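Here is a short briefing to read alongside the model. Please keep the 3D view open as you go through the points.

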Amino acid sequence: MRKIILCFLFSVLAFLQAWAQSVSVIPEKIKRGDTVTIRYDPTGADAKIKPGSLSVTIVFTYSTFYDLPWKMPMVKQGEIWTASFVAGRFATFATFYLQSGDQVQKPGPDQHYALEVFEGAKRVKSSLLHESYSLSAQIPKSPDLQKQKAALLEEELKNNPSNYEAKVALLNTRMIMAKSAEEKLKFREQARKIIAAKLEENPTLPGNVNLVTMGYLMIGEKSRLDSVRSVIMQRFPQADISKDLRASIIAKEPDAAVRIAKLEALLKTGNHPDGEGSETIHKMLFEYYAAQRDSVRALLHASKLNAKVTPYTPQTLKDIATMLTASKIAPSAAIGYANRSLKIVQQWPVGIIRYFPEFGYIPSFVPDSVRSRTVAEAKSDLLSLKALNFLKLKQVDSAKKLADEAIRTSDGRDGLINSAEVSVQLGENRKAFDILWRLLVKNPTDSLVLKSAKLNFLKYNGSEEDFRSKVAELEALEINQLTAKTRLLMMNRPGPELSGLVDLEGKPVSAEMMKGKIVILDFWATWCVPCMQEMPYFHKVFEKYRNNRDVMFMVVNSGSNNTIEDARKWVKQNPQYQFPVYFNNDKNIGEKVGFNVIPTIAVIDQQGKMQFRTIGFEGEILQKKLDVEISILLKRQIKTE
């Protein structure tokens, strides 16, 4: 009777636990090739995303499921949200959380859901290694981060004692945890021995050498990479890998004649003279001879550039056709290479393509729309290259037909520029201008296209004033496009708490100072080169709005290793900038505003909400972009008054 009661209690407990969990992964122990299903029940006891949500998205925070998107929409079936996919032959581990608008579903405050891949009863090789990497996304500020990483790496090495990357990663973690310089050096020396031993396993195999260089990068010794290459060249001068390394050195030779002679001589050395291991050399020689318009030698080296079929073969074939066309040599051969690329254009390399010796090439996920657009652009470019070469062969009708097909296929930049050049060579300047105008409508800031468009416009119109009118149209179009795009980027997030900011006299910034104003916060540092490059563009926007009482500029010195004295000194040394400068004393300002690199600009609206944020240097476009952001918020204020 007691056993029956215990069994009943365990059943109830299991039922309650299952009911409480809103997220489930089926199967629990994933194997490569399995169909994996993630389910979300918004009625579960721990559910944060409530019933009635219009969408739920899986957000991967770490993943070796390379063929999956980083954000995957779920599908609603009744009250349950689901998503299914196949665990690839390369999958090891992934972490994720669910999101619907501002609602986020996690198993805990500093924890994400996990997809663990097994082989039999054990995790597959590197699964625990990759789990250790994932902790930086889950608990980046935890004092136990390195300790937890070490525990996972130790478990990985119990399962797979020969896992080279795990060995180096564990020693690097112990270096970080070391309590003394002596202890740190001890672990560093151990890591160096493991990396050196890895080199000896196969010092002339590129894949193995990549693991060696990766090891040195993991322990922060980037400077050793050149010495590794030098050792390989000295010990194995005839190896194919040495040819590639020597070619990269020869490429720096300033005297072209000397450079080419050395490359030609290098081709005749190695284990496979003029063959395997020589593609880099052939590429350099092809480009040189093509530029010299030596078609015989250029085509000889071009023929060696696609000996192996890879995901990049379509691109390689097109690059050859492009170089021959630009050099105005071998039009029939250029057409032939373009045709070969067109035959496999649907296999065009799109997105990141990884290569692992044990798995081969692994393409990353790319949305169908992106793939279709990229393939169409490549096809358009190839058709236009053929058109230019048919024109050289005096086959005008074929050239016109191909150029028109290129224009219909895509509005990609290269294809349209080439098609416009066909019209230019035929004396059809108005048609050339119309083609280039399509590009300018899409990207009004393309200065090279604008220059070419002007030349063609003046050849059939002749009026500078008329062209200036067209440019004015273009500028208005650019602002309208930028405004429409910027409106979609409005964040509507609560503004950051800024009590740590002071002016250069040390007086705290108060919330009252910013109340009801548009506040532009520019975070920078005196040592930040991109910040300095950004300043002229930022200052022009400041000058436009400096007398507007509804707009407040705060240029905040916030870089590590800067003091308020550094900020004061910078202001004195840069009198050309009149904007007010502040200093940040809040170590958590990056987390509050949402940035980890500078420069960063945040725009707060009149209600204190953060509406826009620009992270990193963007160049001249910043001036127009920031102006539009301020203009949008000012107009919104006028409408609400």
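The lining of the second largest pocket consists of eleven nonpolar, eight polar and three charged residues. Ala, Val, Leu, Ile, Met, Phe, Trp, Tyr, Cys and Pro count as nonpolar, Asp, Glu, Lys and Arg as charged, and the others, Gly among them, as polar. This is a predicted model, in which local features need pLDDT of at least 70 and side-chain atom pairs pLDDT 80 or more, while totals for chains, interfaces and linings use all residues. Numbering runs from 1 along each chain as its sequence is written, and side-chain values use heavy atoms, without hydrogens and water.

**The disulfide**
- One disulfide is present in the structure, a disulfide being a pair of cysteine sulfur atoms within 2.5 Å.
- C528 and C531 form this link, with an S to S distance of 2.3 Å.
- Its S-S torsion is about 80°, so the disulfide is right-handed.
- C528 is buried at 4% relative accessible area, and C531 is buried at 1%; buried means under 20% relative accessible area, with a 1.4 Å probe and protein chains only.

**The chain as a whole**
- Of the 641 residues in the protein chain, 44% are buried.
- Residues 24 or more positions apart supply 65% of the chain's contacts with a separation of 6 or more, where contact means heavy atoms within 4.5 Å.
- The C-alpha trace spans about 95 × 75 × 60 Å along its principal axes.

How values were computed. Buried means under 20% relative accessible area, exposed over 50%, partly exposed in between (1.4 Å probe, protein chains only).
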